[in-house]
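Please consult the sequence and the model alongside them.

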Amino acid sequence: MTERMEGARLFLKELAEHPPALQCDPRLLPELFAKTSAGSYASSAEIAAIIGRSQALAVKVLAVANSAAYGLESTVSTLERAVVVLGMLEVRALATLFAVMGAVPAKKLPKGFPDKDLWEHQILTGRLGRMLAKTVNAGLGIDHKGPEAEATKELPGLKSAHIAPEAAHVNPEAAHVAPEAAHVAPEAARIDREAARIDPEAIYVGGILHDLGKLILGLLRPADWKNISEICQSESCGFSLAEDRYWGLDHGTVGGQVLKYWNLPDLLCDVVSWHHYPDLSLDHKPAIKVLAAANLLATNGLAEDGTLPPAVSALLPRSAAMDSALAAALPHLAATLADKRAGLLAAQL
């Protein structure tokens, strides 16, 4: 075991010195995330121009935009049109997906590596994660703002989830004694709620990349990947637990480190790094817990009675308003689990 742990340490050291290369200009993805972040006023033409710097990415994004995965009624013939029709954030996710796939080509993975199943699982996790993030925001009484608002159609009616009524009232005496507090409190509440907000689209991208470390492991350490997979089968345990028993290195750590080397946003790196161990994270813990919940849901589905499994519920905030929001989301989560769109998209990869 000690020897294998040393192997894990050397593996991380090698990744730091020679990370897998993206099959596009390494500045492209960081610029794309900057231009599509909240507060950016980039146009669809600007986003299309960034992606268009890589002909390979442009061709793949257009091919998928016109595939059965999206079922559009008319042909999307230009990148700018794809950005308009699918939305900036969906096109950003596709571009990120294809750029990362180019760094871990399927033909270089070991025999028997379940890359199609893995990508389908990651896409499903991303979709469920985006939905859970919106649900949690609704349960917290936080409205969707900025570019993220374009993807809110999956959860109609969630704004009906309210904060506990008593929270809306202020002690009249307090208002009489300190009227200036009435001016400070709303601003403080706004800041607190914005700080608590979980970015659904960041969770979506984190979901479709959360098992990147498994791909990196298969690509660069095929013998170790095979040994860990054999532990999964012989001991009937999950991959993360098998990794811990084998050499104490989690694939989330591997994937998160590689994303960091590619200069992708800290939030994205953290949700990937800690999705199996959210309580150990120092930053972005609520977002990481949402992705962890989505991963469990994508793996195990809903409980037999159609409710969230206890392990999933335990990762999400609890309150009367949150319970109401989650109850309203259940039919949509069930429909997403039954939907074939994740498989259709994975088939295009």
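Q: In which helix does Val 84 lie?
A: This is a predicted model, in which local features need pLDDT of at least 70 and side-chain atom pairs count only at pLDDT 80 or more, while totals for chains, interfaces and linings use all residues. Residues are numbered from 1 along each chain as its sequence is written, and side-chain values use heavy atoms, leaving out hydrogens and water. Helices are DSSP runs of H or I with at least four residues, numbered from the N terminus. Residues 79-86 form the helix that holds Val 84, namely H5.

Q: Which residues of the largest nonpolar core have the most contacts inside it?
A: A nonpolar core joins buried (under 20% relative accessible area, 1.4 Å probe, protein chains only) Ala, Val, Leu, Ile, Met, Phe, Trp, Tyr and Cys residues through side-chain atoms within 4.5 Å. The largest such core has 101 residues, and its largest share, 11 residues, comes from helix H6. Those with the most contacts inside the core are Leu 132, Leu 259, Trp 262, Leu 316 and Leu 333.

Q: Which residue forms a salt bridge with Glu 17?
A: A salt bridge requires a side-chain nitrogen of Lys or Arg within 4 Å of a carboxyl oxygen of Asp or Glu. With the closest N and O atoms 2.8 Å apart, the partner is Lys 13.

Q: How many salt bridges does the structure hold?
A: One of them joins the side chains of Glu 6 and Arg 9. Glu 90, Arg 130 and Glu 201 are linked in a network. The number of salt bridges in the structure is 13.

Technical notes: Buried means under 20% relative accessible area, exposed over 50%, partly exposed in between (1.4 Å probe, protein chains only). Helices (H or I, at least four residues) and strands (E, at least two) are DSSP runs, numbered from the N terminus.
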